[in-house]
Amino acid sequence: MVSSQTLQNSRSQASSEPSRLLASQFGIAAVCLLVLYVVTLLAAILPPRLTDPTWQLKFTGALINNGFLALLGLALLHLAAYLHPSNPHLCRRRDDFATWALIPVLGFLLLIPLQGHAVWRGISTENSQQSSQLKAVRTKISALREAINTASSTQELNRRLLALKVPPLSAPNLAQPLPQLRKAMLASLEQTELRAMDRLNGIQPQQLWQVIQGSIRAVLSALVLAVGFAAFTRRPGTYRKRTLLQQWQESSQALFQRRRRSSFQSPSRRQAK
């Protein structure tokens with residue numbers, strides 16, 4: 001009897017030894033993934049420029065594009081504690097990260113309006129910069145056009161060009177008759193102005209659509225990551241109780257049932273009246 005029980009205990013210990021080893025490996029891999037996420041994030045956002053829309057988009061992109069590393073690490077940590085529930089270090093680490101998981105849940109939810117604000121500011125800033133550049137180009141071209149039209153000789157035109165801080169006329173151009181040179185220069189200025197208007201006429205529709213597509217992808221990814229982290233989020237000391245995602249589901253179901261009951265009661269009340 002005793003020998004049979006001893007043999008059974010030894011077999012159970014032998015069978016649980018691979019699970020313990022695998023749990024330890026999963027625990028180490030989880031910590032490595034979480035550290036890798038932090039290192040990758042810091043490398044992408046340093047140095048910080050909080051008021052720069054480009055940096056804001058870079059910050060949200062780094063958080064979202066690498067968020068799967070932290071989520072996978074959190075999942076591996078829970079799996080390690082499941083494989084070796086008698087290990088107090090793994091269980092305590094799992095409970096701590098289950099509590100801290102509320103931070104990325106709130107963070108990814110807050111990234112959704114931040115992403116929209118950063119995109120809007122980026123588009124507004126780009127349009128404003130292009131408008132200022134186009135205005136400066138037009139002012140320069142107007143001054144050059146006036147200098148070309150009012151010059152009485154090629155030498156005077158060359159002096160006016162130098163005063164406007166543009167390259168002087170070459171020797172072949174100085175040898176040309178003024179009417180012919182004026183016509184050629186005005187045509188070149190017109191082409192330059194048209195190219196500047198095409199290049200600085202705000203964000204092109206194709207570029208704008210690419211920005212909108214990237215923003216939609218980032219918003220949906222942030223929402224998915226928030227749900228994923230909520231599936232592992234628990235309050236301190238309540239590991240065996242419901243996760244944050246389960247609480248959301250129960251709240252939404254209760255709200256749906258309450259609205260459904262109220263919708264059924266409304267017609268009956270109208271008929272009673």
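Biologist: Which residues of H4 are called buried, and what makes them so?

Modeller: In this predicted model, the buried residues of H4 are Leu90, Cys91, Arg94 and Ala98. The term applies because each has a relative accessible area under 20%. They cover an arc of only 95 degrees around the axis, which puts them on the same side of H4.

Biologist: How do you know that the span of H4 is close to the expected one?

Modeller: Helix H4, residues 88-100, has 13 residues and reaches 18 Å from its first C-alpha to its last. The expected value is also given as 18 Å, at 1.5 Å a residue.

Biologist: What makes the pair Asn87 and His89 a polar contact at the start of H4?

Modeller: A side-chain oxygen of Asn87 reaches to within 3.0 Å of the backbone nitrogen of His89. The cut-off for a pair of N or O atoms is 3.5 Å, so this pair meets the distance criterion.

Biologist: What span does H3 have, and which of its residues are buried?

Modeller: H3 has 17 residues and reaches 25 Å, close to the 24 Å expected at 1.5 Å a residue. Its buried residues are Gly67, Leu69, Ala70, Gly73, Leu74, Leu76, Leu77, His78, Ala80 and Ala81.

Biologist: Why is Trp55 called buried?

Modeller: Trp55, in helix H2, has a relative accessibility of 8%. The limit is 20%, and Trp55 therefore counts as buried.

Biologist: Which residues does Trp55 touch, leaving out those up to four places away in sequence?

Modeller: Trp55 touches Ile45, Pro47, Pro48, Arg49 and Leu50. The C-alpha atoms of Trp55 and Ala118 are 8.9 Å apart, although the two residues are 63 apart in sequence.

Biologist: What makes the peptide bond from Leu46 to Pro47 cis, and where is Pro47 found?

Modeller: Omega of the bond from Leu46 to Pro47 is near -5 degrees, and the bond is cis. Pro47 is found in the loop between H1 and H2. Most peptide bonds are trans.

Biologist: What is noted about phi of Lys165, and is Lys165 buried or exposed?

Modeller: Phi of Lys165 is near 60 degrees, a positive value in a residue other than glycine. Most residues other than glycine have a negative phi. Lys165 is found in the loop between helix H6 (154-163) and helix H7 (171-175). Its relative accessible area is 77%; exposed means over 50%, so Lys165 is exposed.

Biologist: Which residues have the most contacts inside the largest nonpolar core, and which elements build that core?

Modeller: The largest nonpolar core has 31 residues, and those with the most contacts inside it are Tyr37, Leu63, Ile64, Phe108 and Phe229. Two or more residues each come from helices H1, H2, H3, H5, H9 and H10. H1 gives the largest share, eight residues.

Biologist: What is Phe229 in contact with, beyond its neighbours within four places in sequence?

Modeller: Phe229 is in contact with Gly67, Ala70, Leu71, Leu74, Ala101, Pro104, Val105 and Phe108.

Biologist: How many helices and strands does the protein chain have, and what percentage of its residues count as buried?

Modeller: The protein chain has ten helices and zero strands. Of its 273 residues, 29% count as buried. Among contacts with a separation of 6 or more, 71% join residues 24 or more positions apart.

Notes. Residues are numbered from 1 along each chain as its sequence is written. This is a predicted model: local features need pLDDT of at least 70, side-chain atom pairs count only at pLDDT 80 or more; totals for chains, interfaces and linings use all residues. Side-chain values use heavy atoms; hydrogens and water are left out. Helices (H or I, at least four residues) and strands (E, at least two) are DSSP runs, numbered from the N terminus. The expected span of a helix is 1.5 Å times one less than its number of residues. Buried means under 20% relative accessible area, exposed over 50%, partly exposed in between (1.4 Å probe, protein chains only). The arc is that of the directions from the helix axis to the C-beta atoms. A polar contact is a pair of N or O atoms within 3.5 Å; within protein, one must be able to donate a hydrogen and the other to accept it, and residues adjacent in sequence count only if both atoms are side-chain atoms. Contact means heavy atoms within 4.5 Å. A nonpolar core is a set of buried Ala, Val, Leu, Ile, Met, Phe, Trp, Tyr and Cys residues joined through side-chain atoms within 4.5 Å.
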